[in-house]
Amino acid sequence: MNRFVVVRYGEIALKKGNRKLFEKVLVNNIKRQLGRSTVERIRGRIIVSVPSERLRSSIEIMSRTFGIQNFSVGTWTSYDLEDIYLTSVDLAKDEMKRGRKTFKVETRRLDKRFPLKSVELNPLVGERILEELPETSVDIHNPEFKIEIEIRDEGVLISSGKTTASGGLPVGVSGRALLLLSGGIDSPVAGWLAQKRGLDLDAIHFSSPPYTGERSFDKVLSLAKTLSIYNGGREFRLYSMHFTDAQIAVHKHVEERYSLVCQRRLMMKIASKIAEAQRIIAIVTGENLGQVASQTLENLRVIEEQTELIVLRPLLSYDKIETIELAKQIGTFETSILPYEDCCTVFVPSNPVTKARLFDINRVEAGLDLECLAKDIIEKSKMYRIKNGDILEVKSIEIPEEAS
Ligand code: ATP
Ligand code: MG
């Protein structure tokens with residue numbers, strides 16, 4: 001029997017005008033990830049046909065694709081009752097293989113020409129399943145699986161095993177964003193939350209070789225690969241910035257207390273330049289409020305002062321415990337807790353300023369040419385093109401003059 005994945009999306013919250021774009025982007029994101037499958041849109045549903053040997057991997061992809069509310073596995077049949085029975089029994093058999101026994105049949109009759117009403121068809125199909133699979137039983141209120149029958153103009157669509165997916169909006173509908181990605185727990189989660197709101201994501205990471213080792217960068221690369229899997233099959237770019245000289249310059253010229261904020265300002269400036277060259281208008285960070293001394297409103301403000309772009313901080317209201325839960329769920333936690341150093345821990349001040357004022361920052365930065373530092377860093381850096389967890393290419397970064 002030819003199986004399909006029946007995809008449902010959160011249609012309720014969608015305004016009329018947005019809906020077309022939402023559907024178009026979602027269909028394209030599914031196509032990008034599933035390669036040679038056929039993806040077809042019917043009213044309120046997306047039907048994806050996949051070769052049976054790829055059903056399992058396709059289901060995995062569906063469960064992490066943003067914009068999908070839930071999905072089930074199903075198949076088309078004719079209006080012939082015997083066909084409907086046989087297909088329903090077949091799907092019930094699949095459910096039994098997964099250890100599920102109690103069921104319920106639910107019919108939606110969208111095509112009113114069909115001679116039987118929903119309430120008439122449900123018991124007929126139910127009886128047939130009970131007859132052919134005597135270990136099953138009906139449970140109307142709390143079934144382990146449902147056989148869902150939709151009588152449509154196009155034919156009869158029967159599906160079972162509804163699985164909840166990730167929800168959110170399809171990646172790309174909200175535009176593009178650049179994530180400041182460290183090797184920590186927070187920023188990958190912040191990136192994932194941005195993707196969930198429909199942002200097509202790239203990331204930028206600052207490292208300071210030889211102070212930060214190769215393994216520290218591998219860790220970030222691995223986080224970027226994981227995030228790329230949630231990017232709706234779209235290319236995910238990791239900008240890897242060589243930060244050593246800038247850190248040394250900051251260390252040399254800036255009062256120690258201010259060096260962390262100053263480094264962050266430089267990171268923000270560089271991220272902003274890269275984003276603008278790519279016509280990206282949002283920057284995402286894993287910053288929170290009050291978690292560490294450096295993350296105060298005052299400090300966030302002087303860091304943000306280095307960009308004109310909108311800065312999104314999806315984790316602002318999260319407790320650490322909630323962030324850790326999400327990190328485990330999306331598969332970044334184990335990598336994030338590997339003990340390799342981050343560039344910010346290399347020259348960390350013992351007593352960083354908690355309430356930086358722009359006036360003071362401008363004073364302590366007087367000996368630095370941030371523009372010049374930023375330009376040098378960009379010239380020495382590399383960009384990784386990643387797609388669905390694989391690196392496609394590593395190349396140098398070019399920024400046209402007018403954007404730099
Ligand atoms: P994380 O767990 O993401 O490292 P954190 O709670 O440890 O966050 P900080 O280390 O103060 O907080 O970093 C705040 C944010 O600054 C990070 O979430 C990230 O967005 C950005 N950031 C910090 N270090 C780097 C880096 N080396 N490269 C790129 N971005 C960074
Ligand atoms: Mg950190």
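Which residues line the second largest pocket? The close-ups below take you there, and then to a pair of helices. This is a predicted model, where local features need pLDDT of at least 70, side-chain atom pairs count only at pLDDT 80 or more, and totals for chains, interfaces and linings use all residues. Residues are numbered from 1 along each chain as its sequence is written, chains are lettered from A and ligands numbered from 1 in the order in which they are written, and side-chain values use heavy atoms, leaving out hydrogens and water.

**View 1. The lining of the second largest pocket.** Here you meet R3, L55, R56, I59, E60, S63, V73, D94, K97 and R98. By class, this lining has three nonpolar, one polar and six charged residues. (Ala, Val, Leu, Ile, Met, Phe, Trp, Tyr, Cys and Pro count as nonpolar, Asp, Glu, Lys and Arg as charged, and the others, Gly among them, as polar.)

**View 2. Helix α2 beside the second largest pocket.** With five residues, α2 gives the most to the lining.

**View 3. Helices α8 and α9 packed together.** Helix α8 (residues 259–277) and helix α9 (residues 297–304) pack at an angle of about 40°, and their axes are 8 Å apart. The two helices are therefore oblique to each other (angles under 35 degrees count as roughly parallel, over 145 as roughly antiparallel, 65 to 115 as roughly perpendicular and the rest as oblique).

**View 4. Where α8 meets α9.** From α8, V261, R264, R265 and M268 meet N299, V302 and I303 of α9 (contact means heavy atoms within 4.5 Å). Sorted by class, this contact has four nonpolar, one polar and two charged residues.

Terms used. Axes fitted to C-alpha atoms, helices over the stretch in contact; angles between N-to-C directions. Helix = DSSP H or I, 4+ residues; strand = E, 2+ residues; numbered from the N terminus. 1 Å grid on protein atoms, 1.4 Å probe; cavity = no way out; pocket = protein on both sides within 12 Å on 5 of 7 lines; lining within 4 Å.
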